[in-house]
Each structure stands twice: as C-alpha cells, then as structure tokens.
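Subject: Structure for you to look at

Hello,

Here is the structure I said I would pass on. Please open it first, then read the notes below it.

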Amino acid sequence: MENFCKRTRREFLWEAGAKFTGLAMTGLLTKDGFFKEAHAQGSIGNPLAPKPPMFPAKAKSVIFLFMYGGPSHIDTFDYKPTMYGRDNQTIEVKTFGRGGKRNQGRIIEPKWKFKQYGKSGKFISDLFPNLGQQVDDMAFIHSMTADSPIHGSAMLQMNSGKILSGSPCIGSWVNYGLGSVNENLPGFVVMLDQSGGPISGAKNWSSGYMPATYQGTVLRPAGTPILDLARPQELSKEAQRQLLDSLQEYNQEHQKPRADNSNLAARIASYELAYKMQAHAPEAVDVDSEPEHIKKLYGLDDPKTADFARKMILTRRLVEKGVRFIQVYSGGSHNDANWDAHGDLVFNHNLHAGRTDKPIAALIQDLKQRGLLDSTLIIWGGEFGRQPVAEYAAGTGRDHNAYGFTMWMAGGGIKGGVSIGSTDELGSRAVDSPFHVKSLHATALQLMGLEPNKLSYFYGGLDQKLVGVEHVEPIKEIIA
C-alpha cells in the first residue's frame, strides 16, 4: 500500500510538472504569435477570410499577363541597334535552348524598327505602338534569368518558383497570405488563350501542397463563366439553400474535433463559395454591359483583338470586385499557337502582338482613369526570352533563352518610366544587374504587403516559401 502511494505521488508530481511545462510552453508560443499565425493560416474557419498584410501594401491586386511560349526580347522591348545590318553573320556565341548547347550561330537581326516613346524616351518595337504610349507608367527589367530553357519546367518556375511540379503558384501564395476581400468570387482567377491551355496545364495554377481552396479557378470570359456551376434545373434555389445549410451543420460538427484539418475547412468553405458564385459570377463576366466607348478602347470591335480585349475588360471588372490575383494567358497549345517562334518569327510575333497590344494598353489606360492603377500591380512576360541567333540553317526562328530576357511591371507601387539591367549587345545573356525569377516573385509579394522571406507554409517538415530557402531581395530599383 505504501509503495502504491509513493508511485501515485510520483505520477501526480510528474503529471503536474508536465501540465505546468505545457502551460509555460503555451504562454511562450502565444507570446511569439504561434496560435495567431495558425489561425491566420486558415486552419480554423474560412481559409480565404481576409487577413491583414504584414506591412502597409502598395497594391491590392495582381494581374499577371503571361505571354506563353517566350516572346523575343530583342524584337519587342530590348533595343539592340548594333544588330541591324548583321543578318546571317555567323558569330561565336554560347547559347542553350531546346536544341541544346551551342557555341556559335547565325545572327537574326531584329525584324521590327524601334521608336522612342514618352517622357522617358524608351525605345519600343513597332510591334507595340499602343503600349508605347504607356511607357511612362511601366518599369522594364532587361536582365531577367531563369533556370530552365524548357517550356514545362520554365513555366512552373515562373509560376511557382520551382522547376518541378507540386508547389503552390504565386496566386496561391497571395491568397494564402492575404485571403480574399470578395467572398462571392474566387480569390485567384485564370483565363486561358482561345487556342487552349499551356503545357503542363493546371500545374501552372495549382495550390500544390496547400489546400485546394488556394488554387486558381479557370474563368471563361464568354458563356458560362465556370463549368458545372449552375444549379440543377430540378432543384429550386430555396431547396438548394436548405440542403447547403444542413450540409454545413454536419460539416461543422464533424470539424470541431479536427480544427487543425485545413483541407476539411477548405472543402466546407468551397461549398458556400460555389453557391455564392452562382449568383455573382455571371454578373461579373457581363462584358457586354460595358459602354460602347470602352469596348472600342480595348478593341472588342476588331476580330483580331476581340478575344483578348474581352479578357482585359473582364480583368478590370474582377479587379473592381476585389479579386486578388488574375492571370491571363496569351498563347496556348503548341507551335505558332503561342509565342514559341521556332520557324517564322515575323508571322508569329505579328500574330500575338497584334492580338494583345491594344487590349493591354487599354487596360493600363482604363485602370488609370478609374483610379485603380496605383493599387493594381501588372506583370508582363513569358517563361523566358529568345536567342539572337537562328535555330535552324534557314529561316528566322529563334530558340529559347533563359540566360537573359525582358519583363515589365506597371501600377501598384511601381516606379514608371524606368529601365533596369541589361543584356549584352546581342541580347544573348544578362550582363548588368541580373535578376532571377525569385526576385520578380519577391517584388510582387513585397508590393502586396507580404514579406517574401517570412511568408511560409509548413509542409514536409520545412517552412516552405515561394522564394525558397535563401534570402531574396525584391527589385528595389523599380519600387516607387
């Protein structure tokens, strides 16, 4: 009996010590904001509930205009005057693209003339006469670099920061970090090209290891905005609401002992979002209700620009309704259906620039006149650029170039009328202030009020980040 009492006392003291240690640990974790962070990460309640930024944000929404296939920087925004008159010269130049690594090539001089625009005097190709009018609101990064010259892996890196699939893309990170200010529409919307989706498809707007709530929703600019969203004809609105309320009660009861299950919380929230979208998505995509002068501004009256014009008008409408991240693809499928100019460069770029120049310029102009440009960050670019030399023995096609290419940004928090970085005289590689894709991502997060090196999601035993493990600085030279 005495031994039993001693053992009981020991167990009591051990349990009491453990409880007090646990209380101390809880206090320390609470002081460090651990539980507040867990709540902010969406493990309790609606994962898309609005969250405050980490610091005052310069932008509220992001528009990523993705020129799929890789536009040629030296034919668009990276002026190389010394290349004119050197067509078909064979030179020593190290390149790495779809055709592998090479040490020499045949020069393909720029196929369009360049003109100066704006107060900044920026040289812009004749491919973009309308965008040329907006250069004083744009910041050009002429020294972008990426890790892969292959479409699939390069696109994944431009979208998710990594060349392998399975990681959340930038739109998912923005919505994870900030939530959604509009509970009637998705926080992350994707619009594809009229020819179809890009290589790797949905991996480019996936939420990866995050809950599915954060993945992109493909929105069609015409017709039914989201497939399979409409209520069955035999189910009345009242009956559907009653059904969802009953389902919600069961789900919430099921979730109580599983508060740390973010996937479950995401699924519960998705049912309610889908219901709200049935009423609000059709109105949001009602581009036809726009006044005629706006339709004409974007080029909706021209068959060549009509498709992209509709997407740009819809993009502006979604920004007005508080959608956080909108990604619009120019180019889809394969070959000349996108910017991948391996054969006839002139035909390819005339086609895609002709479809997008006027609508994109109109988007900048329209956002500005509505007072929305200052709070909307626009990103333009492809997964890489193109080489200064020909890919084949004949023709004007260029191979992929991840060593140096151009992207531009405009709007929320961006210093307009500036150009930073440079490639060599041929545009074959970045030589001055090279910036990696991660720097682009860090800049976007920073402008949205998110610290790129602190925004993390715990997965696989690590604090995963969009910008990776090593510290990454935003591109400060273009931040206003």
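Are Phe-77 and Trp-380 buried or exposed? Both residues are buried, where buried means under 20% relative accessible area, exposed over 50% and partly exposed in between (1.4 Å probe, protein chains only).

Before the rest, some ground rules. This is a predicted model, in which local features need pLDDT of at least 70 and side-chain atom pairs count only at pLDDT 80 or more, while totals for chains, interfaces and linings use all residues. Residues are numbered from 1 along each chain as its sequence is written, and side-chain values use heavy atoms, with hydrogens and water left out.

The protein as a whole
The protein has ten helices and 19 strands; these are DSSP runs numbered from the N terminus, helices being H or I with at least four residues and strands E with at least two. Of its 480 residues, 52% count as buried. Among contacts (heavy atoms within 4.5 Å) with a separation of 6 or more, 76% are between residues 24 or more positions apart.

Aromatic pairs
A search of the whole structure gives 16 aromatic pairs. Rings of Phe, Tyr and Trp (its six-membered ring) pair if their centres lie within 6.5 Å; planes under 30 degrees apart are stacked, over 60 edge-to-face, and the rest tilted.

Phe-77 and Trp-380 form an edge-to-face pair, with 5.1 Å centre to centre and 90° between the planes. Phe-77 is in the loop between β1 (61–67) and β2 (90–97) and Trp-380 is in strand β10 (residues 376–381), so this pair ties together parts 303 residues apart in sequence.

Tyr-209 and Tyr-459 are stacked, at 4.5 Å centre to centre and 10° between the planes. Tyr-209 lies in the loop between β7 (188–191) and β8 (217–218), and Tyr-459 in strand β18 (residues 457–459), 250 residues apart. Tyr-209 is buried, with a relative accessible area of 13%, whereas Tyr-459 is partly exposed at 43%. Both tyrosines belong to a cluster linked by ring pairs, which also includes Trp-173, Tyr-176, Tyr-214 and Tyr-457.

Helix α8
Helix α8 (residues 306–320) has 15 residues and reaches 21 Å from its first C-alpha to its last. That is close to the expected 21 Å, the expected span being 1.5 Å times one less than the number of residues. Eleven of the 15 residues are buried, so α8 is largely enclosed by the rest of the structure. The buried residues include Phe-308, Met-312 and Leu-318. Just after α8, Gly-322 takes a positive phi of about 90°.

Regards
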